[in-house]
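Dear colleague,

I am passing on the structure we spoke about, with the sequence beside it.

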Amino acid sequence: MNTRQMTLAALVTTASAGAVFAQDTLTVGGYGGSFETLMKELIIPQFEAENDVSITFVPGNSTENLARLQAQKSAQELDVVILDDGPMYQADALGFCAPLEQASVYDDVYDIAKLGDNSVGIGFVATGFTYNAEWFEREGWEPPKSWEDLKDPKYEQLLSIPPISNTYGLHTLVMMARLSGGGEDNIDPGFEVLANEVAPNVLVFEPSSGKMSELFQSEEIVLSIWGSGRTKSLADTGFPAKFAYPEEGAIALMLAACPVVDSDVPDKAQAFVQYLLDPEIQVKIGDAMGAGPVNTTSELPPELAETLPYGEKINDLVAVDWDKINPLRQEWTARWAREVER
């Protein structure tokens, strides 16, 4: 064999070896910000090492990643997607989620976190009251206890509720309807109460979590309807934020995951969803995101267990019916603009 033939043979051997040992790539879509940091620093590296795979993380909020699935339905980029539970129900209904393969870890998941055959909750966030504990103590006010407290005139121009485009605002509408004899099937009472008895107390219907934090820190507001995870993030900055669970029930807002259809690495996609439910990974999600574990065997340290949806608090969470809400959400959004934020 001459030198040229030896060189060609070496190149072919190298190329063949590269083809044999080429590493799979798993593309995961999920929230940006602190969640992206959590994934890249504390969760993804371990899975990559244990599963001989390279993970590409695509950051975006639930609306953006749902739109990404819709735009790429003929050739999906994502292999796994992580969304809020409402958009996840939409993604599943639109056929973007592949069936979950049976695995023992699912036996340890709370029933309320089992969203169907194709998706599963990976963390609980409670929608309830975020309040400035120092302000309340200074004024001699008791922490808020009931959804009905939103009507209290003492909160006039000191309250913020996200709009209906945000899940926290939607949850508020549903609870106001339920407490007034309606619900997802009859939303009219909710609009009436919000427009006439709650909206006068609202300084601003603020959708941005960053701006909401600023409103608290400047003491422009002292109370909001927000998530337990957002409250933890604000408290972690040193601000005296506390979270209160309404006596009628805080609403469960779940972070949810599903393997995406037509993945070219379906086994890795299934394994990653299962990995997110591992008891130790669940604790990491709780610490970084303020999301309570959906795995019944996860054990939180006392400082997290006190504030996050965990243990007995899970039994007090209530769910909304996304199958009824999603087809009506566009209509409700237009009505909110006319009647609530007028």
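What follows is a description of several parts of this structure, which is a predicted model.

I will begin with the disulfide. A search of the whole structure finds one, and this disulfide joins C97 to C258, with a sulfur-to-sulfur distance of 2.2 Å. The two cysteines come from distant parts of the chain, since C97 lies in the loop between α4 (85–93) and β4 (120–132) while C258 belongs to strand β9 (residues 251–259), 161 residues apart. The torsion about the S-S bond of C97 and C258 is about -75 degrees, and the disulfide is therefore left-handed. Buried means under 20% relative accessible area, so C97, at 5%, counts as buried, and C258, with a relative accessible area of 0%, is buried as well.

As general background, nonpolar side chains in soluble globular proteins tend to be buried together.

Leaving aside neighbours within four places in sequence, V198 is in contact with L150, K151, L159, I161, M176 and V193. The helices concerned are α6 (residues 167–178) and α7 (residues 188–198), which pack at an angle of about 105 degrees with their axes 7 Å apart. Angles of 65 to 115 degrees count as roughly perpendicular, and α6 and α7 are therefore roughly perpendicular to each other.

Helix α9 (residues 228–236) is worth a look on your screen. In α9, the residues S228, G229, T231, K232 and L234 are buried. Just after α9, G238 takes a positive phi of about 100 degrees.

Two residues other than glycine also have a positive phi. Q157, with a phi of about 65 degrees, is found in the loop between α5 (133–139) and β5 (159–160), and its relative accessible area of 36% makes Q157 partly exposed. E219, whose phi is near 60 degrees, sits in the loop between α8 and β7 and, at 34% relative accessibility, counts as partly exposed.

Lastly, there is N51, which is found in helix α2 (residues 34–51). At 22% relative accessibility, N51 counts as partly exposed. Not counting residues up to four places away in sequence, N51 touches K268 and A271. The C-alpha atoms of N51 and Q23, which are 28 residues apart along the chain, are separated by 10.0 Å.

Key. Residues numbered from 1 in each chain as written. Predicted model: local features only at pLDDT ≥ 70, side-chain atom pairs only at ≥ 80, totals over all residues. Heavy atoms only, no water. Axes fitted to C-alpha atoms, helices over the stretch in contact; angles between N-to-C directions. Helix = DSSP H or I, 4+ residues; strand = E, 2+ residues; numbered from the N terminus. Parallel < 35°, antiparallel > 145°, perpendicular 65-115°, else oblique. Disulfide = S-S within 2.5 Å. Buried < 20%, exposed > 50% of the residue type's maximum accessible area, 1.4 Å probe, protein only. Contact = heavy atoms within 4.5 Å.
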